[in-house]
Amino acid sequence: SIASMIVQSLETKSPIKNYRSNSMKIGKCQEHAGNNGNYFCEDCLRLCCSDCVVRGLHNSHSVLTIKNALKAIRPKLDDKLKAYSKRIAVLNKNSEQLEAEQHRITSEGKAIKRQIESEMSNLERLIIKEKEILISSIDRMIPVSYTHLRAHETPEHLVCRLLLEKKKNKQK
């Protein structure tokens, strides 16, 4: 039937044979350019005029008037429209869900980034504090007096004597 052929043509996205040509206008017979295409040939899927139906190329084909062709195809096209409308609604809903998920993921990513930055700042502060403690410890060890160092190179009684002298000097 015309409806099934046109619907099939729509589903496969293949053009209806010779529906439009550069030299023909829509609504005109494609064989007789001056005549109105008042009929639709279901075999060829094209408009034709009464001359084509009576004595032309389409006289043995299944031909409908335009009005009857539209009546035949309208319910199938309405069904397709409903099906496509439902599919569009589903796709719109899916699109909204994807957008919401994308927003959630973006928000979580930003929160994780802020948390990482905060933790890294804390670590940097701890590292700086530990560095200062270590440097301070080293600074306290460095100023050893020359006398103290020389004392370790001499016999024990001299070391004790020098340390006692140093202690006395500090008390004065």
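View 1. Asp 78 is partly exposed, with a relative accessible area of 32%, where partly exposed lies between buried (under 20% relative accessible area) and exposed (over 50%), with a 1.4 Å probe and protein chains only. A salt bridge, that is, a side-chain nitrogen of Lys or Arg within 4 Å of a carboxyl oxygen of Asp or Glu, joins Asp 78 to Arg 74, with the closest N and O atoms 3.9 Å apart. Both residues belong to helix 3 (residues 66-141), 4 residues apart, about one turn of the helix; helices (H or I, at least four residues) and strands (E, at least two) are DSSP runs, numbered from the N terminus. Arg 74 is exposed at 57% relative accessibility.

The model is predicted, so that local features need pLDDT of at least 70 and side-chain atom pairs count only at pLDDT 80 or more, while totals for chains, interfaces and linings use all residues. Residues are numbered from 1 along each chain as its sequence is written, and side-chain values use heavy atoms, with hydrogens and water left out.

**View 2. The salt bridge between Arg 46 and Glu 31.** The side chains of Arg 46 and Glu 31 meet at 2.6 Å, N to O. This pair links distant parts of the chain, 15 residues apart, with Arg 46 in strand 2 (residues 46-48) and Glu 31 in the loop between helix 1 (2-12) and strand 1 (39-41). Arg 46 is buried at 8% relative accessibility, whereas Glu 31 is partly exposed at 39%.

**View 3. Arg 55 and Asp 51 in helix 2.** The closest N and O atoms of this salt bridge are 3.3 Å apart. Arg 55 is exposed, with a relative accessible area of 63%, and Asp 51 is partly exposed at 27%.
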